[in-house]
Amino acid sequence: MANFAYRGVEASGKTVKGLIEAPNLDAAVEQLFSNRITPLDISEEEVKEQVGLNIGKIFESDRVSDVERITFCRQMHNLTKAGLPLDRAIRGLEASLTNRAFKRVLQSVISSLERGNTLADSLAQHTRAFNDLFINLVRVGESTGRLDLAFADLAKYIEIERTTEKQLKSATRYPTFVLAAMAGAIAVITVFVIPAFSGVFNKLGADLPWQTHALIATSNFAVSFWPLILSLGVVGFTAFRYWSGTRLGSVQWDSFRIRLPLVGSIFERIALARFAKTFAIMGRSGVPVVRSLNVVSEVVGNKS
């Protein structure tokens with residue numbers, strides 16, 4: 001199989017260009033005609049260009065931002081409401097994108113639609129870009145004939161989620177800053193201040209209480225074995241990330257998080273708000289209750 005760069009004209013008169021994969025030039029031309037594109041110029045991509053493209057893809061991010069998803073949903077709402085066919089609507093949106101990862105996703109969705117798959121099944125092949133909630137709402141929209149309303153609901157939901165994430169970061173920013181400042185201050189005192197006072201106390205030969213001896217011993221240990229302490233910290237953090245990523249660990253950590261003083265109630269309210277908003281959207285769209293609960297349990301943000 002080879003890649004061919006083409007420039008052609010769609011049935012609507014719009015000029016398009018891109019890459020197409022085919023065994024030979026004749027097959028590429030035939031494939032373009034089957035996609036209702038009249039080729040004006042077509043040539044085989046050289047190997048060095050393709051190698052460069054593959055190397056570039058290694059460093060590209062596969063992530064699709066919330067802003068891009070919101071824009072996609074709003075545009076799809078307008079286009080489907082106007083009665084434009086799905087493949088033409090998505091092809092037009094794909095041509096205007098600058099995110100190469102999202103362009104590849106939409107190109108794959110278009111190919112899947114042309115093979116006769118539904119839009120929901122086509123989107124379900126790209127779980128990094130579209131979660132279960134997104135796919136289920138699109139599936140219901142297709143089955144009820146109100147795909148435009150499904151995309152409108154999705155745009156509102158993603159925007160609400162984006163606002164919630166900003167509020168969560170804003171609420172936890174101050175406690176995080178305070179804890180980081182405290183940790184930095186304790187490290188400076190332990191490594192620099194206490195050893196200086198320790199030297200003064202040794203010269204004076206003063207009789208020190210046990211609390212002061214304990215602080216000096218802790219400081220001496222930290223100064224002498226800081227590589228070990230740093231290594232244990234890295235290992236502990238890695239072990240925590242692994243544990244919190246397991247099914248049991250994530251449930252236990254989420255259960256502990258909502259019991260934290262000051263910020264625990266914030267995490268709990270955010271989880272309840274996500275549940276209420278997501279379940280309301282699923283119910284209003286006509287998704288069955290059992291399926292709605294399964295989907296909501298994955299997006300509520302707290303597994304406990």
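Let's start with Glu114: leaving out residues up to four places away in sequence, Glu114 touches Asn35 and Arg91, where contact means heavy atoms within 4.5 Å. Before I go on, a word on the background: this is a predicted model, in which local features need pLDDT of at least 70 and side-chain atom pairs count only at pLDDT 80 or more, while totals for chains, interfaces and linings use all residues. Residues are numbered from 1 along each chain as its sequence is written, and side-chain values use heavy atoms, with hydrogens and water left out.

Back to Glu114, then. You'll find Glu114 in helix H5; helices here are DSSP runs of H or I with at least four residues, strands are runs of E with at least two, and both are numbered from the N terminus. Is Glu114 buried or exposed, or partly exposed? With 38% relative accessibility, Glu114 counts as partly exposed. The cut-offs are these: buried is under 20% relative accessible area, exposed is over 50%, and partly exposed is in between, using a 1.4 Å probe and protein chains only. Leu86 is 28 residues from Glu114 along the chain, and their C-alpha atoms are separated by 9.9 Å.

Now compare a couple of other places. Ala27 sits in helix H1, residues 25-34, and is partly exposed at a relative accessible area of 21%. From Ala27 to Ala187 there are 160 residues in sequence and 68 Å in space, C-alpha to C-alpha. Pro227 belongs to helix H10, residues 226-245, and its 40% relative accessibility makes Pro227 partly exposed. Between the C-alpha atoms of Pro227 and Val263, which are 36 residues apart along the chain, the separation is 33 Å.

Next, let's go inside. The largest nonpolar core has 37 residues. A nonpolar core, by the way, is a set of buried Ala, Val, Leu, Ile, Met, Phe, Trp, Tyr and Cys residues joined through side-chain atoms within 4.5 Å. Among the residues with the most contacts inside this core are Phe72, Phe130 and Val138. Helices H3 (66-81), H4 (86-95), H5 (100-114), H6 (119-123), H7, H8, H12 and H13 each supply at least two of its residues. Setting aside neighbours within four places in sequence, Val138 is in contact with Leu119, Ala120, Leu123, Leu147, Phe151 and Leu154. There is also a second, separate core of nine residues, including Ala28 and Leu32.

Which residues of H13 (residues 289-299) are buried? They are Ser292, Val295, Val296 and Val299. Seen down the axis of H13, these buried residues fall within an arc of 100°, so they line one face of the helix; the arc is that of the directions from the helix axis to the C-beta atoms. Turned away from that buried side, another face carries the exposed residues Val290 and Glu298. What do the buried residues of H13 pack against? They pack against helix H7 (132-144), helix H8 (147-204) and helix H12 (264-285).

Take the H7 pair. H7 and H13 pack at an angle of about 150°, with their axes 9 Å apart. Axes are lines fitted to C-alpha atoms, for helices over the stretch in contact, and angles run from 0 to 180 degrees between N-to-C directions. That angle makes H7 roughly antiparallel to H13, a label used for angles over 145 degrees. On the H7 side the contact is made by Asp132, Leu133, Asn136 and Arg139, and on the H13 side by Arg291, Val295 and Val299.

Last stop: Tyr157, in helix H8. At 7% relative accessibility, Tyr157 counts as buried. Not counting residues up to four places away in sequence, Tyr157 touches Leu133, Thr278, Ile281 and Val299. And here Ala27 returns: Tyr157 and Ala27 are 130 residues apart in sequence and 43 Å apart in space, C-alpha to C-alpha.

Key
Parallel < 35°, antiparallel > 145°, perpendicular 65-115°, else oblique.
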